[in-house]
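Here are my notes on this model. Please read them with the structure open.

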Amino acid sequence: SLHNCFLRILIFHAHTFTFFPFNHDESERLIDESRFYLSWVRSRGAYFRIPATTFVHLIIRVAILCLLLCMAFAMIPFCHMLYVLNKQTQKSERS
């Protein structure tokens with residue numbers, strides 16, 4: 001279940017950026033106009049930069065939310081197990 005959730009997140013983002021309208025000239029302009037020193041990426045190989053739009057911010061927020069939910073659902077059985085074991089040890093006369 002957790003594995004499937006991570007796969008869905010990766011597949012969703014791969015498709016999102018596949019269909020995202022991308023232009024190499026726009027990427028060059030964004031790198032040149034960035035307030036951070038990003039021109040070093042040109043010497044590292046293939047690169048692209050997408051504009052920071054509301055759509056991109058939404059994708060990032062959804063990804064973070066999905067990862068947090070997956071982690072929470074993965075922890076629920078262990079928290080329940082510790083809760084039940086703690087209740088049982090409080091009831092037991094031998095412990």
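1. Residues 58-85 are 100% helix and 0% strand, with the end C-alpha atoms 41 Å apart. Helices here are DSSP runs of H or I with at least four residues, strands are E runs of at least two, and both are numbered from the N terminus. An unreviewed UniProt entry lists residues 58-85 as "transmembrane region". UniProt positions follow the numbering used here, feature names are shortened, and annotations may be inferred rather than shown by experiment.

2. The model is predicted: local features need pLDDT of at least 70, side-chain atom pairs count only at pLDDT 80 or more, and totals for chains, interfaces and linings use all residues. Residues are numbered from 1 along each chain as its sequence is written, and side-chain values use heavy atoms, leaving out hydrogens and water.

3. The protein has three helices and zero strands. From the N terminus, the order is α-α-α. L68 sits in helix α3 (residues 54-91).

4. Turn to the loop between α2 (24-33) and α3, where S34 is found. S34 is buried, at a relative accessible area of 17%. Buried means under 20% relative accessible area, exposed over 50%, and partly exposed in between (1.4 Å probe, protein chains only). A polar atom of the S34 side chain lies 3.1 Å from the backbone nitrogen of F36.

5. Buried residues make up 18% of the 95 residues in the protein. Of the contacts with a separation of 6 or more, 51% join residues 24 or more positions apart. Contact means heavy atoms within 4.5 Å.

Methods: A polar contact is a pair of N or O atoms within 3.5 Å; within protein, one must be able to donate a hydrogen and the other to accept it, and residues adjacent in sequence count only if both atoms are side-chain atoms.
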